[in-house]
Amino acid sequence: QLQLVESGGGSVQAGESLKLSCVVSGYTDSGHCVAWFRQAPGKEREGVAAMSGGGGRIDYGASVKGRFAISRDRATKTWYLQMNDLKTEDTAIYYCAARASVWCGTVWSAHAKYEYWGQGTQVTVSS
């Protein structure tokens, strides 16, 4: 059983940066896919970034590629989402999610495949 706790959300101006953290308790040595999703009011939940359990594969959503970066600290079992050059359209609740599987799957952004979710953290970007 995994438990995920996000932190680091807040309000920033467009063009600024923000770094989100996700502590994954219960993470096993076999590894798990960990991903970041976001959901804006009235919109579908959107895949932002994902990292396979071994860290060998990383995927990004088209709208954030080149601006966001997912990383992890194995020692503290913490995953990060560094968000640079933030835009107003990045405003959303950001969720950390994990799969029991080490792989994120052929369609990593299929949120229904993720068994474990954090409570979410609000990111607001103003112009």
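Modeller: Buried means under 20% relative accessible area, exposed means over 50%, and partly exposed is in between (1.4 Å probe, protein chains only). This is a predicted model, where local features need pLDDT of at least 70 and side-chain atom pairs count only at pLDDT 80 or more, while totals for chains, interfaces and linings use all residues. Residues are numbered from 1 along each chain as its sequence is written, and side-chain values use heavy atoms, with hydrogens and water left out.

Colleague: Is Phe-37 buried or exposed?

Modeller: Its relative accessibility is 0%. That's why Phe-37 counts as buried.

Colleague: How do the rings of Phe-37 and Tyr-114 meet?

Modeller: Rings of Phe, Tyr and Trp (its six-membered ring) pair if their centres lie within 6.5 Å, with planes under 30 degrees apart stacked, over 60 edge-to-face and the rest tilted. By this rule there are five aromatic pairs. For Phe-37 and Tyr-114 the centres are 5.0 Å apart and the planes stand at 75°, so the pair is edge-to-face.

Colleague: How far apart in sequence are the parts that Phe-37 and Tyr-114 tie together?

Modeller: Strands (E, at least two residues) are DSSP runs, numbered from the N terminus. Phe-37 is in strand E4 (residues 34-39), whereas Tyr-114 is in the loop between strand E9 (92-98) and strand E10 (116-117), so the parts tied together are apart in sequence by 77 residues.

Colleague: And what kind of aromatic pair do Phe-37 and Trp-117 form?

Modeller: Phe-37 sits in strand E4 and Trp-117 in strand E10, 80 residues apart. Centre to centre it's 5.1 Å, with 50° between the planes, and the pair is tilted.

Colleague: Which residue has its charged end over the ring of Trp-117?

Modeller: A charge sits over a ring if NZ of Lys or CZ of Arg is within 6 Å of the ring centre and within 35 degrees of the ring normal. Trp-117 is partly exposed, because its relative accessibility is 27%. The charged end over its ring, 4.7 Å from the centre, belongs to Arg-45.

Colleague: Is the disulfide of Cys-22 and Cys-96 left-handed or right-handed?

Modeller: A disulfide is a pair of cysteine sulfur atoms within 2.5 Å, and Cys-22 and Cys-96 are joined with S to S 2.1 Å. The torsion about their S-S bond is about -85°, so the disulfide is left-handed.

Colleague: What about the disulfide of Cys-33 and Cys-104: left-handed or right-handed?

Modeller: Both cysteines, Cys-33 and Cys-104, are buried, and their sulfur atoms are 2.1 Å apart. Here the torsion is about 105°, so the Cys-33 and Cys-104 disulfide is right-handed.

Methods
Helices (H or I, at least four residues) and strands (E, at least two) are DSSP runs, numbered from the N terminus.
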